[in-house]
Amino acid sequence: MSEKKSVMDYETVALDEKKGALVIIDQTKLPYKMELLELTRQEDIWNAIYLLKVRGAPAIGVAAAMGIYLAAREIQADTWEEFYPQFTKAKEYLDSARPTAVNLSWALNRMDDVCRANKDKPLHELKGILYDAAMEIRNEDVWVCKSIGEYGLSLVKPGDGLLTHCNAGKLATVKYGTATAPMYLGQERGYNFRIYADETRPLLQGARLTAFELYESGLDVTLICDNMSATVMKNKWVDAVFVGCDRVAANGDTANKIGTSVVATVASRYHVPVYICAPTSTIDLNTPTGDDIKIEQRSPEEITTMWYKERMAPEGVKVFNPCFDVTDNDLIAGIVTEYGIARAPYTESLKEIFAKKEAARNAAF
C-alpha cells in the first residue's frame, strides 16, 4: 500500500508540457481537500489567479509566466507581426487578474522582454525560448526563497518564538516560502522554533494554509485569532515577526494581506522586530510610497456569508473589504531579500540591494 502524500510532496505551481497545462494546488479547497487543477484555457488561469486558487506573490508570478507561455504555444501565426499582437492581448488579459501583486506584472513583463528580444527567431524556436524563460522564473523562485531563509535565519536564534500573518509559505511559492523559509531551514538545523500563525481574516489563509503546511511539516505551530497578537507579544512569547508582502514601495512601505499593519503596530508597542520577507521581484522602485499602491477591494460575501452555514451579517449592511493594507516603513526592522537585508533609510538600502543584484547578474555572464 502506497504511503499517503502530504501537500508538501506536490509543487504549488507546475507546468505539464505534454498536456499543455498549468498544474496548481487548488488552495481554496485546503485544508479539507487536496486537489490538483490542470488548467489549459487562459480564462481558467485568469480565474485561478483572481479567485486565489493560486496565491502568494511568487507563486502568482510563476503561474503567470507559465500561463503566458501556454498562451504563446497556442497562437497560430506565420510571422512575428501576426504573433505579437495576440501575445500582447494574452499578456494584458492575465495582468488584469490581480492589480496589487507586482509579481504578476513583473513576470509577464519579463516574458514580454524575452519575446521581443527574440523577435527575429522562427516562431517555433521563439516558443521554446519562452518555455525556457518560464522555467527559469520557476527555478529562480526556489533559489530566492532559500536565500531569503538564510538571511532571515541570521536574525533569530534557536528556541525563538516567531509570529507570521497570512500565508507566505511553501504554498505561496514553489518551495520554502518567503516568511516561512527561515522556519523551514531552522527546522532542518534543529532550531526548534515556536511558531504563532494568525488566522488572517476574512479568507483565513493563516488557519487554512500556514497552520496546515507547518503542522504537516512537523513544526511547532500554534494558531491564534488575529486579535490575539497583542496577548502573545505581551506575554513575551514572540521574539520576531516574519511576514511576506505583495509590493514594496521605494520608501520601504509594504503592502501585504489586510491586518499586517495591525500586527506591525502591536509589535512596535512591545518592541518585537518586524521583518518583511520580499523577493526583489516584489520591490517596485517606481512606486514612491505606500500611498501610491492600488489596494484591491474584494467581495462583501467574503465577510458576510462565505464561511457560515447561515448569513452572519444583516442584509444590506455596508461592507468594507480591502484585500491588503500598507505597513509604514517606520514599523519595519528590515526587509529581507535574496541579496541581503535592507534597513532604514529604505530609499537608499533598497537601491543598494538592486546594485548587488545587478553585480551578481553581471558576474554570471
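Which residues in α3 meet α5, and which residues in α5 do they meet? Trp80, Phe83 and Phe87 of α3 meet Leu123, Leu126, Lys127 and Leu130 of α5. The model is a predicted one.

**Helices α3 and α5**
- Helix α3 spans residues 80–95 and helix α5 spans residues 123–153; their axes lie 11 Å apart, at an angle of about 35°.
- The two helices, α3 and α5, cross in a right-handed sense.
- Six nonpolar residues and one charged residue form the contact of α3 with α5, and no polar residue takes part.

**Helices α2 and α3**
- The axes of α2 and α3 cross at roughly 145° and come within 10 Å.
- The crossing of α2 and α3 is right-handed.
- On the α2 side the contact is made by Ala64, Gly67, Ile68, Ala71 and Ala72, and on the α3 side by Phe83, Phe87, Ala90, Lys91 and Leu94.
- By residue class, the contact of α2 with α3 comprises eight nonpolar residues, one polar and one charged.

**Nonpolar cores**
- The largest nonpolar core has 69 residues, of which Val13, Leu22, Phe83, Met111, Leu130 and Phe242 touch the most other members.
- Helix α2, residues 57–74, supplies the largest share of this core, with twelve residues.
- Beyond its neighbours within four places in sequence, Leu22 is in contact with Val13, Ala14, Leu37, Glu38, Leu39, Ile45, Ala63, Met66 and Leu70.
- Another core, of 26 residues, lies apart from the largest one and includes Ile224, Val241, Val243 and Leu350.

Notes: Residues are numbered from 1 along each chain as its sequence is written. This is a predicted model: local features need pLDDT of at least 70, side-chain atom pairs count only at pLDDT 80 or more; totals for chains, interfaces and linings use all residues. Side-chain values use heavy atoms; hydrogens and water are left out. Axes are lines fitted to C-alpha atoms, for helices over the stretch in contact, and angles run from 0 to 180 degrees between N-to-C directions. Helices (H or I, at least four residues) and strands (E, at least two) are DSSP runs, numbered from the N terminus. A crossing is left-handed if the near helix is turned anticlockwise from the far one by less than a right angle, and right-handed if clockwise. Contact means heavy atoms within 4.5 Å. Ala, Val, Leu, Ile, Met, Phe, Trp, Tyr, Cys and Pro count as nonpolar, Asp, Glu, Lys and Arg as charged, and the others, Gly among them, as polar. A nonpolar core is a set of buried Ala, Val, Leu, Ile, Met, Phe, Trp, Tyr and Cys residues joined through side-chain atoms within 4.5 Å. Buried means under 20% relative accessible area, exposed over 50%, partly exposed in between (1.4 Å probe, protein chains only).
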